[in-house]
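Dear colleague,

Please find below the structure that I am handing over to you. My notes on what was found in it follow directly after.

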Amino acid sequence: MHSPFPDKPQTAPSIVLTGGHLRFAGKEVFHNLHLTLPAAKWSCLLGPSGVGKTSLLRQLAGLRAEDGEMEGTVAAGDGAPLPERIAYMAQQDLLLPWATVLENVLIGRKLRGEPIRPQDRDKAMAILADVDVAREADALPAALSGGMRQRVALARTLFEDRPVILMDEPFSSLDAITRRRLQDLAVRLLAGRTVLLVTHDPMEALRVGDDILLLKGSPARIQAPMSPTGSAPRQEDRDGLWPLYAELLKQLGAAA
Amino acid sequence: MHSPFPDKPQTAPSIVLTGGHLRFAGKEVFHNLHLTLPAAKWSCLLGPSGVGKTSLLRQLAGLRAEDGEMEGTVAAGDGAPLPERIAYMAQQDLLLPWATVLENVLIGRKLRGEPIRPQDRDKAMAILADVDVAREADALPAALSGGMRQRVALARTLFEDRPVILMDEPFSSLDAITRRRLQDLAVRLLAGRTVLLVTHDPMEALRVGDDILLLKGSPARIQAPMSPTGSAPRQEDRDGLWPLYAELLKQLGAAA
Amino acid sequence: MRAIRLCITFAGLLVLWQLIVTATAAPTYILPAPLDVAIAMAERPGLLLQHAWVTFAEILLGLLFGTILGIVSALVIALFRPAKRWLLPVLVISQALPVFALAPLLVLWLGYGMPSKVAMAVLIIYFPVTAAFYDGLRRTEGGWLDLARTMGATRGAMLRHIRIPAALPAFGSGLRVGAAIAPIGAVVGEWVGSSAGLGYLMLHANARMQVDFMFAALALLASFGLALYFTVDFGLRRLTYWQREQSPFDD
Amino acid sequence: MRAIRLCITFAGLLVLWQLIVTATAAPTYILPAPLDVAIAMAERPGLLLQHAWVTFAEILLGLLFGTILGIVSALVIALFRPAKRWLLPVLVISQALPVFALAPLLVLWLGYGMPSKVAMAVLIIYFPVTAAFYDGLRRTEGGWLDLARTMGATRGAMLRHIRIPAALPAFGSGLRVGAAIAPIGAVVGEWVGSSAGLGYLMLHANARMQVDFMFAALALLASFGLALYFTVDFGLRRLTYWQREQSPFDD
Amino acid sequence: QEKLTLLLDWFINPDHGPIIIAREKGFFAEQGLDVEIVEPADPSAPPKLVAAGQADLAVSYQPQTHVQVAEGLPLMRIATIVATPLNTLVVLQDGDIKTISDLKGKKVGVSLGGFEDILLGTMLRKHGMDLSDVELVNVNFSLSPSLISGQVDAVIGAYRNFELNQMDIVGHPGRAFYVEEEGVPLYDELIIVAKAGTEGNPNYRKFINALEKATSYIINHPDESWKAFTSTDPKLDDELNSRAWRDTIPRFALRPGALDTARYTAFARFLKDTGLIDTVPELSTYAVELPAQ
Ligand SMILES: Nc1ncnc2c1ncn2[C@@H]1O[C@H](COP(=O)(O)OP(=O)(O)OP(=O)(O)O)[C@@H](O)[C@H]1O
Ligand SMILES: Nc1ncnc2c1ncn2[C@@H]1O[C@H](COP(=O)(O)OP(=O)(O)OP(=O)(O)O)[C@@H](O)[C@H]1O
Ligand SMILES: [Mg+2]
Ligand SMILES: [Mg+2]
């Protein structure tokens, strides 16, 4: 099977958040939060809606809270600067309505002032084909369905090809079949990267995550209940995920 | 347990679409589509991303396709006019950014020029409590997380209290626990209504749907592979949904 | 803090002014220095203020009626398709015609009193407000309208609860422009015929080459214009409280 | 189809005009009837056209430079926080000062040729364009900016690929207003000092009480203003091709 | 008290002396008149508004009135305020232009009053040139500044009692060429017009009587009348106005109501010869001497 990525060895760092703190007027989302994302591993973050997952991801991505106070330091394990090594996929697709699907995928290069070479175009088209929206490459986002938009946003993130990937519910609008396929694709393409995936689907977390993280409570605290074994993407039956799934659901229920 | 709805018997009609047709420039989404939603039942619509589920729902809701040609007739089984008996929840939350959460829930009454009585406020607050955003009733949507926004949109739909409910992925941004809770809530509150639910989660369809519908192919056609027995909300193990789940996944896979 | 900044801004403008005078070596009858103007202002403060009130009243009334008229026109054009076809060209023409050409007509119909000046200010403010508000109205997010339709919204309620709030930011843009140019309307009106107001004073002084006094009136007018703009701006921010402003390069 | 509608619109305007004349019983020397004006126009078409070219050139140049200046100013204000604090008041003042008051100064500095009229048109167009574009720039959707930041966007690229496209619809609002009022700028400039142009012709005709001829010039000016507006409008629609317009009550 | 509305041609200035003195000294009141005075900024508007019945009387100019009547405005001259031309062609005293012949190829600023180009043309013709030998530039009301700043080489439309003093005060004295000495027939600069057909209004005669009394008061008491003039509005009290006042006094019509039919007829013929008007209407249709009551 072809890979759109040239074989460029990337050294993915671990990520460490210390003293993470976020408060909105009269509401403390989290407080003195510590978190380590192991290098070159997939961590999956689960937690009840509104607990602060997106906020945490934003802090890791170096973004500020619009109306809140955010504190804490985010650093890479290798001590090198982090920001330019991160690709961030937000909960909303954030496609630019005036740019075609292909242009949206290439936007990172444009924003960094890098030229769009033919091989960039090819790579983008290959990823679009992988997420099955290649046919719409020249369409504007307004002509896409919700799931197609999400897939374009995913393609944009994959295209960025960074050592650290932060994704906020990247598969939430996809049907079960497509979702599985794209999980497998992401695992393959993002092998060796440090990934944090926010998801609402415990089975998804178990299939692709090396570490499962739980954010719960108010102010929210991090728990790391389990680390499935075997290499991702795992299979429900083959890799014995069902007991883990039941366990995870129980823990989530306790969290809610 | 309290119910925010007064005991007003509603006769929910069946819905019949004949000759449904939708084409966008150079792309036929569906063609000569026939569909009957049985009265007072939950139908769940599954299908690959981009196949036309949202479009079909919009046609049933009496909305047009912005840049496409739409044909076909939608009628209620009892022959009475349909439009004013429908509540529609879109794939996006469509909250008004200038209105508080509570005002967003009450917006239907305002838009119809109906007065907001104290009991409307109480009912809205009760539903907001049910979906667990009562604490944010006076906040603006910008202060909510993605899942919270979706729950407000759900609350708005439930508040409308119509005999026909069309919902487009209403639980997609919710964590597993909240999602289950809200499925149960919806089943309880919408008992006796004619419901069409678009979802990507086959298990969700099996838990709440009386009929499962599959939209697949290009142009898309409707299939009705199964109708789980037992009253919703069903339990995975108790109601023997697992074999159905496997079967459904297989059919979806064939559809993709 | 804000007051200090305002003072500094003001001082900066004065310095700029003085620099221009010095640099271009402009004679007093072309561009007087700030000090000359200040002296002219100090010499006859009563006269200036007395005329200023008249102009301020005209400006405020013009802004009020112009805004109301603009809002109504934009609503009519946005709501009724035929209105758009027929009214829009009239509107554009009304704008492209120099108000001065219409002045005798206005005086003929409204006389030499305040109404004709207010009408002139209205004419000037009207278009930016109408055009911007109309632009906002026709760009309402489709999803909201669809939602409202399925809810059986009445036209009026849809307008009131969705289209108008959604168009408020655009309306704000237009009103800001309107507020900034309202003083021109009143002054042009006074030039057409009047016996009071800063515009009258200015023409009068200009005809006599009392350029310092003319600039004193001008300075008063500009100060009022500035105050009006920032008041309107403040009000509009309140009105569109949910809008978050981006100043992405603050940091 | 469009041509027919345009003709009907035009005829409608003529009828409206005639109605006003009839209804107000305005004497010819204040508001001549359309036919009188047509006759006046037919009598000296060469003279009218020759002066019209001058004015049209002034308007187009004014619109061009005013737009460019407005775009640059809005960018500077939006990008540099200090610029906002210091430039915005200057901008508002520049607007609150009646151009008429500045007109004699401009003429003295720039002479009686075309530059002073173009400068006047620029002054008039400048503010609506700047204000609207700036408004658009400061309201960029936060999510896009966040995305761009995580991608390591340069300031320039973020501006070019996100903030400017996102502000184009607002810019369009402003430019439409600018296009509609550009003719005033040029004509006011001509009134203050000129030896050619429709404004000059109008002053001349007005002084001679050839009101029908003056209105002929006015009609030419209005037609050009209308054509300019709709051309700009058409161009702007192209420019914001992804924008869907809502006319929710079409059906 | 009978109400009358009077539109001036321009802001109050010494040219309006008799009108202001009649008001300040109570001569209007004496005649039982209550005169409302309105100052416009566009001198071409008042005749239109009088013709349209928006006001009773307007201050206008004899040449313009001929043109306006020829264009169909129903106007009737009933009185004269300034009985000589005020218009001049002005150049800088120490400038290059010494005689009118020096104007060849130069720029001449004009305040478009509808008549200045005819004046200039006549003056040029006397020196063997015509209008095509100069470039006419509309400078609106910035006559002196445009001349002083060198934007134009001469201006036509400057008033001998006003612009000349103005230039002198700012240190750039001008030299005037008087139109009536360069081939233009004598005319009344400032007159009062009413709407044609209303000349039977008895208040008009009373108005003229008051003007006449005011004029003789001014001649007799130049200093008191200057004080009375400035008392209307303190901002009138400056050096320019006081010098203009002195220069204007000898030009006020001593018999405002009197009509010099020969002067009007000759001037109408002059206008027809220059092509400004096509026909010379019967004088009695636009100028009268109102009878005593
Ligand atoms: N404005 C448009 N112009 C062109 N094509 C469009 C437009 N809107 C929708 N489509 C096409 O119609 C098809 C159906 O879209 P629809 O939104 O109904 O899909 P869907 O089944 O709801 O998908 P999803 O599960 O991803 O939400 C898609 O292939 C989409 O590309
Ligand atoms: N601008 C704001 N003002 C006030 N509160 C805010 C604001 N933004 C977010 N919050 C609050 O912060 C909390 C965390 O929000 P966040 O988006 O991180 O949740 P989440 O875990 O991602 O939820 P979801 O699963 O629903 O997306 C929420 O309770 C929300 O109400
Ligand atoms: Mg989130
Ligand atoms: Mg959909």
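**Strands and sheets**

In chain E of this predicted model, strand β1 (residues 2–7) runs parallel to β2(E), and six bridges join the two. Strands (E, at least two residues) and helices (H or I, at least four) are DSSP runs numbered from the N terminus, and two strands pair if DSSP finds at least two bridges between them. Within this pair, Thr5(E) stands opposite Glu36(E) of β2(E).

Both strands belong to an open sheet of five strands with mixed pairing, ordered β2-β1-β3-β10-β4 (chain E). Its edge strands, β2 (33–38) and β4 (75–82) of chain E, each pair on one side only. Neighbouring strands of this sheet are turned against each other by 30° on average, direction ignored. Angles run from 0 to 180 degrees between N-to-C directions, with axes fitted as lines to C-alpha atoms, for helices over the stretch in contact.

Helix α1 (residues 17–24) of chain E packs on this sheet, and its direction makes about 135° with that of β2(E). Contact here means heavy atoms within 4.5 Å. Helix α4 (residues 62–70) of chain E lies across β3, β4 and β10 of chain E, at about 105° to β3(E).

Chain A holds an open sheet of six strands, in the order β5-β6-β7-β3-β8-β9, again with mixed pairing.

**The site of ligand 1**

Ligand 1 is surrounded by residues from chains A, B and D, so the site is shared between chains. A residue is counted as near if one of its heavy atoms lies within 4 Å. There are 21 residues around the ligand, and among those that come nearest are Ser145(A), Lys53(B) and Thr54(B).

Oxygen atoms of ligand 1 take part in polar contacts (pairs of N or O atoms within 3.5 Å):

- a polar side-chain atom of Thr54(B), at 2.6 Å;
- a polar side-chain atom of Gln91(B), at 2.8 Å;
- a backbone N or O atom of Ala143(A), at 2.9 Å.

The protein covers 91% of the 630 Å² of accessible area that ligand 1 has on its own, by the Shrake-Rupley method with a 1.4 Å probe.

**Conventions**

Residues are numbered from 1 along each chain as its sequence is written, chains are lettered from A and ligands numbered from 1 in the order in which they are written. Local features need pLDDT of at least 70 and side-chain atom pairs count only at pLDDT 80 or more, whereas totals for chains, interfaces and linings use all residues; side-chain values use heavy atoms, leaving out hydrogens and water.

Yours sincerely

Conventions
A polar contact is a pair of N or O atoms within 3.5 Å; within protein, one must be able to donate a hydrogen and the other to accept it, and residues adjacent in sequence count only if both atoms are side-chain atoms.
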